[in-house]
Amino acid sequence: MNAAAGSEAPLPDDRAPAARTDLATDAGNPADAGNPTNAGNPTNAGNPANAGNPANAGNPADAGDGADVPRPALLRYALGSAGMGVYVTVPGLLLLYFLTDTLGVTPWLAGLALLVPKAVDIVLHPFVGSLSDRERARRGTRLRLLTAGCALAPAFVALFAVPGPVADRPWAAAVWVAGWFVVANALFAAYQVPYLATPTDMAIGYHGRTRVLSFRMVVLTVGILVGGALAPLLAGEGDSVGRYVVMAAVLGVFTVVFQYVGIGGVRDLLPAPDLDRPAPERAPHGPALAQARDVLRGNRPFRVLVSCYLLVSTTTHLVLAGLPYYARHELDRPGFTTVLMAAFVAPALLTTPLWFRLSRSWGKQRCLLLCQGLFVAGALGLATGRAAGLVVPVLCTLVLGVCFAGLQLFPFSMVPDTVRAVGGETERTGAYTGVWTATEATGAAAGPYLYSAALAVGGYAAARAGEEVTQSGGAHTAILLGFTLLPALLMAAALAVQSRYRLDARFTTPR
């Protein structure tokens, strides 16, 4: 083990006996349901159904594939991601374009209007994670927060429903969008953070967590595809605020319906709370930001994974923000945004199960590094632009889509691995997911902001709805390089960071 890996002192020796820290989780394991001899039995630690035990990290028993998880409940849980997919896609795809090409907001101000609300998320998400852990400690579930997050749809509509007097003033329009973006992000965090804690709360092993997340990834892809394909069609070419409002209302209904379905899946997958147990007198952990600091400081594999995913999230959201500009100004086909978005997302429906199978033999780390390397090549291929016709950009976007599936599946399924590998951390699952979703939110802000900065440097001219503006040569260069070279460099940096991750070998190497 090299010097960097040697700093993983907090990780327990997988071969040493360890006390059970997840008995409440195992009691609700479907494999143990109804068997009095198995419920919470410490001697059952070697059972593959209990492979999530930190004492088993790296043990072959931890290689259970989660096949005992009821498929109907797993499907209902995964369906909750359909609504999440809409929200993570539509603002990232259209909000910057909505500001610059419908409301006439200059690129630098538009980027700032998207960056500031996401900066709030850096504090908000760890707080929600801490609140989620408190809810689970006191009530045995995280369902109240999940239900509160279902108020996302009205805020999503308000994000685009800019009143006429406000829309007439670009700076006021930017403030309106930024304000409602903060509200919508807070409601999304209330749903996303406890929702993503579910795989860690379950008593499943290394491959089982990948299986659960692969179901989620397929449905998330459907949501992204619905949002990414329908949103540009419903919004048209940005010719009116009204078209955007109709788009947000239609997709908002879609979102809230599947959010409620997902809540039912979470309820079915996790054990019922023990209503007879006394509630703790006070919260089991300290302030939210202190918890975030502690989990980052005390868990090196998680810290590496977070650093890598910050770059991955920044890159993918930059690509989303740049798609409308690339289609309109580089390919000279404004309506081609839907085609490119479908090419970017649709491959994940087919390749996610394939990535899962490949990870069974290769491990998640190797598969993730492969995705990152191929993404760099695909992004550089898009630099050919219209000179190569339409076939090359579509093929390169398909490559990015194949990689996108793995870039979502593997990091998310590795987060529970990092939590489970550090004994006794399952009580702080919300703290981990709070940091993780804050990282994703930061990338979701940084990507569009970097692209808007590239547009501003190139001299991109903003326009109001219905106006025709001729862009300069510098603006066209910024549109192209910001969409191709910049994401390639960011993903190459992510690959370099991810190569420092050592935990995967502990799970995939037999002892």
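**Close-ups of the cavities**

Helices H2, H9 (206–235), H12 (300–330) and H16 (391–421) each supply at least two residues of the lining of the second largest cavity. Helices (H or I, at least four residues) are DSSP runs, numbered from the N terminus. This is a predicted model, where local features need pLDDT of at least 70, side-chain atom pairs count only at pLDDT 80 or more, and totals for chains, interfaces and linings use all residues. Residues are numbered from 1 along each chain as its sequence is written, and side-chain values use heavy atoms, without hydrogens and water.

**View A. The second largest cavity and its lining.** Here the volume is about 160 Å³, taken as the space filled by probe spheres set on grid points joined across faces, edges and corners. A cavity is a set of points on a 1 Å grid over the protein atoms alone where a 1.4 Å probe fits but cannot get out, and lining residues have an atom within 4 Å of a point. Of the 16 lining residues, Val88, Ile224, Phe404, Gln408 and Glu440 lie nearest the centre. H12 gives the most to this lining, with four residues.

**View B. The largest cavity.** The structure holds five cavities of 30 Å³ or more, and the largest has a volume of about 230 Å³. Its lining counts 18 residues, with Tyr87, Val88, Lys118, His317 and Ala444 closest to the centre.

**View C. Helices around the largest cavity.** H2 (71–101), H3 (107–139), H7 (170–196) and H17 (429–458) are the elements that give two or more residues to its lining. Among the contributors, H17 gives the most, with five residues.

Notes. On a 1 Å grid over the protein atoms alone, a cavity is a set of points where a 1.4 Å probe fits but cannot get out, and a pocket is an open set with protein on both sides within 12 Å along at least five of seven lines; lining residues have an atom within 4 Å of a point.
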